[in-house]
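Take a moment with the sequence and the model before reading on. The paragraphs that follow go from a cavity to the strands and the helix.

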Amino acid sequence: MCGIVGVISKSHFGFMQKHLDLFYQLLHSDELRGDDATGLIYIENDSGFGILKDAVPASWCADSMIRHNLLTDRIRKGKALIGHNRKATMGRVVAETSHPFVVDKTFAMVHNGTLRGHKKLKETEVDSEALAHLLEPVLKSGVSKEELEEQMGKIDGAYAVSAYSQSENSMFLLRNGERPLSLLELPDCWLFASESGLLLWIAGRNGYDLAKASLKPLKEHVIY
């Protein structure tokens, strides 16, 4: 079991400090779903992105990641943060096999789930990296419904995914029935996580009026 968390700012002027606070608390608390490694994708308004990851629990590295100069230098340009807490089910527990996985320097992805026979997709040590190679060409405009269904039909196993395509300047969320993923809309941002209860708890403890919040589990086999 792994965990996915994230925050998307509604502002055109970068992150507010409370967005970083929300993300840090989500990533730190989500360690309960995986303590083998921690990683994040930071996305900028101008389509730039970068990653940070290490094979240590979030309680050891979440604060240093948030304070890393690669992230703090981009606060005014920040648009979204995607976080991952890994519980290793295959592959070594090292930084190289930790999420996020990057394809062609333009696509980054995190995955919660386990695939069967992933080497049919790509000869990789970790199934999630093979999935990234499958989804990178799929999550593009111009792909027909038939092509999309054909590629998605190759996935054998459980998945919830959050990904970013620099060429499309778009972020994606998708899942099947074997893994959860929920989205919470707040006045100034959206939050998403593997556990809906975590979203409500973190939003509430940061002063958001939950009566005005909109929480929805993402539908299966739908690309958001």
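The model is a predicted one. A search of the whole structure finds 1 cavity of 30 Å³ or more, and the space in the largest cavity comes to about 70 Å³. Which residues line the largest cavity? The lining consists of Cys2, Arg86, Lys87, Ala88, Thr89, Met90, His99, Gly113, Val126, Asp127 and Ser128.

Next comes strand β1, which spans residues 3-9. Is this strand mostly covered or mostly open? Strand β1 is mostly covered, with 7 of its 7 residues buried; a residue counts as buried when its relative accessible area is under 20%. Gly3, Val5, Val7 and Ser9 point one way from β1, while Ile4, Gly6 and Ile8 point the other way, and all are buried.

β1 has antiparallel pairings with two strands, β4 and β10. With strand β4, residues 78-86, the pairing runs over 6 bridges, and Val5 stands opposite Gly83 in β4. With strand β10, residues 189-193, β1 is joined by 5 bridges; here Ile8 stands opposite Trp190 in β10. In general, strands of a sheet pair through backbone hydrogen bonds, either parallel or antiparallel.

Another part of the model holds an open sheet of 4 strands, in the order β5-β6-β7-β8, with antiparallel pairing. Which strands form its edges? They are β5 (101-103) and β8 (170-175), each of which pairs on one side only. From one strand to the next, the twist averages 20°.

Within this sheet, β5 and strand β6, residues 107-112, pair in the antiparallel sense over 3 bridges. Phe101 stands opposite Met109 in β6. Helix α4, residues 127-138, packs on the sheet and touches β5, β6 and β7 (160-165). The direction of helix α4 makes about 130° with that of β6.

Key
Residues numbered from 1 in each chain as written. Predicted model: local features only at pLDDT ≥ 70, side-chain atom pairs only at ≥ 80, totals over all residues. Heavy atoms only, no water. Pairing = 2+ DSSP bridges. Axes fitted to C-alpha atoms, helices over the stretch in contact; angles between N-to-C directions. Contact = heavy atoms within 4.5 Å. 1 Å grid on protein atoms, 1.4 Å probe; cavity = no way out; pocket = protein on both sides within 12 Å on 5 of 7 lines; lining within 4 Å. Points joined across faces, edges and corners; volume = space filled by probe spheres on them. Buried < 20%, exposed > 50% of the residue type's maximum accessible area, 1.4 Å probe, protein only.
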